[in-house]
Amino acid sequence: MATTVHEPPKIEQKPPTGVTDRPPEPARTGIWVGLAAIAMSFAAFTSAIIVRQGSGNDWQHIVVPRILFFNTAILILSSLTLEVARKKVASFIRGQGATRAQAMGWLTATLGMGLVFVAGQYAAWLQLRSEGLYLATNPNCSFFYLLTAVHAIHVLGGLGGLARVIRRLAPAVPILRKSTMDATSYYWHFMGILWVYLLCVVWLKL
Amino acid sequence: MSQEAAIAHHGPPTSFLRKHVFSVDHKVIGKQYFALAIVAVFIGMILSWLMRFHLVWPNAALPGLQWLSKVGAPAGVMTPEYYLSLLTMHGTLMVFFVLTNAPFAAFGNYFLPIQIGAEDMAFPRFNMMSFWTTFAAFVVLMAAFFVPDGPPISGWTAYAPLSAVGSDAGPGQGLGQTLWGLSIAIFCIASLLGSLNFISTTLDLRAKGMTLMRMPVSTWAWFITSCIALLAFAVLLPACLLLVLDRIAGTSFFIPAGLVISDRLQPHSGGSPLLWQHLFWFFGHPEVYIAILPAMGIVSHILINSMRRPLLSHKVVIGSMMAIGFLSYMVWGHHMFVSGMNPFSALVFSFPTLVITIPATVLTLIWLGSLYGSRLQITTASLFSLGFISMFVSGGVSGFFLAQPSIDIYLHATYFVVGHFHLVMGVAAIFGIFAATYFWFPKMSGRMMNETLGKIHFWFTFVGAYCIFMPFHYLGLAGNVRRTSSFVYDYAQPLIPVHKFITIAALCTGAVQFIFLINLLYSRFKGAPAPDNPWNATSLEWTVPSPPPWNNFGGKHPVVYHDPYQYGVEGASGDFIMQNSPEKVPVRS
Amino acid sequence: MGKILAVTLVIVAIVSAVPIVMHTWPPPEDISTHGYAIDKQMDETMLEAGFSFLAAQLLLALFIWQYAGRQKQDKLKTFPGGAKGLVIAALVLVGSEILALGVIGQKAWANVYFAPPDKDAMTIQAQAGQFAFYFRYPGADGKFGGMHPDKIDEGNQNFFGLDPENDVDSRDDIVAAELAIPANRQINLMLHSKDVGHSFYVRELRIQQDFVPGLDLAVHFTATKPGRYEIVCTQLCGLGHYNMKAYLSVLFQEEFEKWLKERAGQ
């Protein structure tokens, strides 16, 4: 049996690399990780829809309430206002012209539209109920209520994030980090994309 | 600068509540997870005692059992359905609250940030929420013991429609099963938050010089595990939501039409029972690796220290763990070979299942090859690590059988399966937990554990575990079906002596675990004070005091100069060089 | 202590293997036409898994015996071939095992599931419910009557929910609590669940197949050896699961015909 002499592990004596001195901003990483998990959950819901559609002959297509299209428009619009807000916030913090009032204004507008969206979703529920379509009426209804509810809960989470951004921007010296602002807006845009996807799922007879 | 987003820029805790209960300190949270896992594992173990006892002495009364449940165990003799309740609770507790919590959440929380040189997790408040959410899940699950019909009886896999139709399907399938569904859903949320934290921390908070390849293999294991957990629990959560809705809102996701249960035509239609199985096992198989991967990392970390040499290849070990993690998502169907899947898909699932043995074999061979020519030091921690390898191999080879659909026709739902997963996922992972406890206890508590008690604990546990779980394979090969509370089948009669042997082994081995508990409690208060680096180890957790201060490195920022395992370095001042030591490694001529 | 561990490992490995080598608790004799392939596959797997098991445990024991307790003055040695050699070894060893077992051995699976049932196979329906099996033979007309879940009435012995008043096909259906089949004739067994998931397992037949509610599955098999065998439910189905069983009677052709005639007369 050959006995090789153990070589000491090679050590590079170059200065440590890889991680820089900048303060870490995990919010930006964390939000992508979180979005991956949310996307995975909705992928699971989607596969459940596909399997469920094939498993029974009780799938009845429902006509989606009109108000959903209005809600969709509002949510897309809110993504645009949030992008403007993000620019204004950055400009204000760097002292490049935008005022706090402008930044706050766009943020509040986004927040308001988010609230209108959630209220609109609720209105859609009321409309379905008035047509006698409840959670357990048929599988399509079940998925409609479930997906819109789960999405709305996530939107409410996004609204909480926006509220936090506004609170952090409010003091004389803002304590808002760029990564927090960015993370919040990524999340918000994702909610918009997710909603459009869900709308296609319930509307386009997937 | 904000308080939450910034890492560990929270100040030292001041009040008692902030320090010990609602702490955001990852070390306190890690210990809380550990304590919860200890509580869960002893409850789970006692449940298994009760089941084993009932199996071989079905008519003997266990005094006091009626206190646990009047209906389930009148006069101390449990009913067949109460056996199933205990079985369900045993599985759920062990898989979720022990095998997920202890090696991953508990030790990962405590040591991942320190090993990469961070002051805390990326999101300390999320971290606190993860633990308390897990705790809530535990409380909700335990509540099932105290509802009138008792805990659910559908096993930890909760196959629909048995789990979905409600109390018509049997005692425990009412409120008990609903609590089960809610508990698991809550647990999913907690695990998702935890995984998010682990991933962000590893990616963002590494100290200067801590490149990804300089992370200890345990950190790698926790990191890979959190990636698996993130996607697995993200699927189980919707599945549990659908299940709970079927139960309480009258939907029909998993319940097909025309079921007559307890003489009642169920008011459901169109659902798919196989949908539950697919969603559940899509989580369920990766869950096996959520349990075992951290143990692999921990055991590697400890063995390297005991062998006083690095593993033959750091990269190959990490690559193998990644391969296992990746493949774990393509094999869930092997739990459903006899469930009426398309026979072609059975073959499709069988192949990656067999392929997964390649990275597992590579890992085993690397461990064995590294042992060759090493300077192996025997401590309780290294004994449990070596035991882990033995158990992992024993539990792993039976996977060869179950991975093949043709053989699974015969072995599915027999005790062979029980032996397989208990060895590979239960005992092996628990050996990892034990090794971790003996190894890291000095760091966590500032006191050494008693090695003599530890070794006694090891010997009885090692031999005992084999006595319990090896015979399960023989029973399975003889065709003995699992999940029955007594042996009414003709063929099972000659097998009862084997069951008696297993039960006695289980009672003894279980009793030995109290030595561990005593050692834990005794050492916590009376153990010898631990030095900073009792094992002459290299990674960053041994550069800080035992126990570490609230901010780990005392406000300093560690700088890392070396690969994680500079052991057996000849010509250095010791036989090892710590990761943050600027000492140069003497280059041999 | 290292040496004790090494010895323990050797003992554990050998003792574990003894009952398997000695066939102390053997599987029951196979009575099906397809089972030999499964048994053969099982034996081959046992050989390979057993070899892996023993080799790994004994190597572990050997290395612990040799290298435990070595001190700093003892030279560290690198395993010949290093990590690369081991990875290649794993790829070759396990890879060939997988090819042998996985690809070639799938024949056993194909035997059971890929071949369609013979044209002259005898169709029988099995229904599983909490906690009993019932079996239905189509009777002289060769047709099963339709099932109506709302008509299921255990008290009236209408286990399948038949409607003989309106449904001609169902009138001559024969229902039994045991599965009698003729030897050496292929049976196409249709599995229907009344309530929750169950499973049809006959160890001697080397057949196990779940009953999935809402999804009627079928398995086909040929039994060769007359006798009486247990049918066991292997899918956890509720409080009576432990006691859910029925018998499979494999009969000679004429006995079977007699048996069927007796039932039809009732």
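Chain B and chain C bury about 8,600 Å² between them, 73% of it on carbon and sulfur atoms; buried area is the accessible area (1.4 Å probe) that two parts lose on being put together, summed over both. This is a predicted model, in which local features need pLDDT of at least 70 and side-chain atom pairs count only at pLDDT 80 or more, while totals for chains, interfaces and linings use all residues. Residues are numbered from 1 along each chain as its sequence is written, chains are lettered from A in the order in which they are written, and side-chain values use heavy atoms, without hydrogens and water.

At this interface, 104 residues of chain B are in contact (heavy atoms within 4.5 Å) with 99 residues of chain C. On the side of chain B, B:Tyr372, B:Ile409 and B:Tyr410 lose the most area to chain C, together 9% of what that side buries.

One salt bridge is found across the interface of chain B and chain C, the criterion being a side-chain nitrogen of Lys or Arg within 4 Å of a carboxyl oxygen of Asp or Glu. C:Lys245 forms a salt bridge with B:Asp490, and their closest N and O atoms are 3.7 Å apart. The residues of chain B that touch chain C comprise 66 nonpolar, 26 polar and 12 charged; Ala, Val, Leu, Ile, Met, Phe, Trp, Tyr, Cys and Pro count as nonpolar, Asp, Glu, Lys and Arg as charged, and the others, Gly among them, as polar.

Within chain B, helix α4 (residues 80-115) and helix α15 (residues 415-445) pack at an angle of about 35°, with their axes 11 Å apart. Helices here are DSSP runs (H or I, at least four residues), numbered from the N terminus; axes are lines fitted to C-alpha atoms over the stretch in contact, and angles run from 0 to 180 degrees between N-to-C directions. By class, the contact of α4(B) with α15(B) has 17 nonpolar, five polar and one charged residues.

Note on methods: Helices (H or I, at least four residues) and strands (E, at least two) are DSSP runs, numbered from the N terminus.
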